[in-house]
Amino acid sequence: MIYGAITNSWRNQLDDTDLGDLIAEAQACGSRHIELRQTCLGAAESGEGDAWRPNLEALAGVVVRFPNLTFDLAVALPCFTTDIDPHGGLYQSQLEAARLVGRGQPHLRTVDPGATDTPWETLADVADATARIVPLVREAARQGVIFSMENSGQPLRSMALLVQEARAQLTDEEGQYLGLCTDPANQLRRHPDSYPLDELASLPADYIKIVHFKQARDGVAIGSVDDGDLDCRAMLRILQGKAYDGPAVMEIPSADDVFDNLADSFAYLDA
């Protein structure tokens with residue numbers, strides 16, 4: 001498993017610190033993977049919403065500076081609720097940036113910020129979202145880019161249903177590019193009566209493309225991955241049992257002591 005950090009943990013620092021210097025500090029804490037999150041890329045991006053574009057030259061400079069790190073690109077893409085043109089400027093720019101930063105294994109991690117919190121339970125529930133993501137996955141696969149989806153509003157069992165149905169409409173090769181960014185703590189916050197670790201354990205291993213670790217106590221986010229509402233060490237054991245060897249990103253809140261919290265998170269999981 002590749003421990004990593006995400007750039008939205010550094011909102012407090014990005015105004016007056018270069019993105020590359022922040023990545024270097026995360027690397028010094030033990031990060032081997034960095035999730036480059038849209039809106040938290042400093043000079044490596046411009047614009048908002050549909051007008052957002054990556055600064056490819058700046059991103060290339062970041063990647064070249066850190067040859068021993070791996071990267072993915074994370075974007076807000078309303079792919080469940082809106083028809084996105086797979087050949088349009090926004091999506092193509094996201095794929096291009098993902099290819100640039102991902103080197104040999106490009107990865108675009110998406111989240112639909114407008115997705116409903118009402119769990120999908122049937123194939124009929126996921127029909128509209130399936131129809132919208134299939135063309136996007138097909139185009140991503142054509143360019144060799146993994147397309148993963150975060151469970152922002154949906155439990156993991158519902159996201160698995162979406163992957164299952166979308167893969168049924170793709171070729172086997174295309175389907176392997178589609179999967180999930182699993183975030184059990186996110187699910188527990190949105191669906192406190194659910195059992196996200198049981199649902200994680202039930203996921204087919206090849207559905208899991210990237211994972212997020214975070215923690216809360218009594219529903220309130222805390223600064224590091226530690227004891228709390230979710231058994232993060234049990235989550236780690238589930239992933240190890242599935243032989244998951246991809247990125248495990250610590251999505252911890254931005255704070256002045258964020259790098260101490262990052263190092264503490266790694267140490268907690270390693271204990």
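**Surroundings of E139**

Analyst: A polar contact of 3.1 Å joins the side chains of E139 and Q92; the term denotes a pair of N or O atoms within 3.5 Å, where, within protein, one must be able to donate a hydrogen and the other to accept it, and residues adjacent in sequence count only if both atoms are side-chain atoms. The model is predicted, so local features need pLDDT of at least 70 and side-chain atom pairs pLDDT 80 or more, while totals for chains, interfaces and linings use all residues. Residues are numbered from 1 along each chain as its sequence is written, and side-chain values use heavy atoms, with hydrogens and water left out.

E139 belongs to helix α5, residues 123–142 (helices are DSSP runs of H or I with at least four residues, strands runs of E with at least two, numbered from the N terminus). Its relative accessible area is 5%, so E139 is buried (under 20%; exposed is over 50% and partly exposed in between, with a 1.4 Å probe and protein chains only). Beyond its neighbours within four places in sequence, E139 is in contact with P86, H87, Y91, Q92 and L95, contact being heavy atoms within 4.5 Å.

S152 sits in the loop between β7 (146–150) and α6 (156–168).
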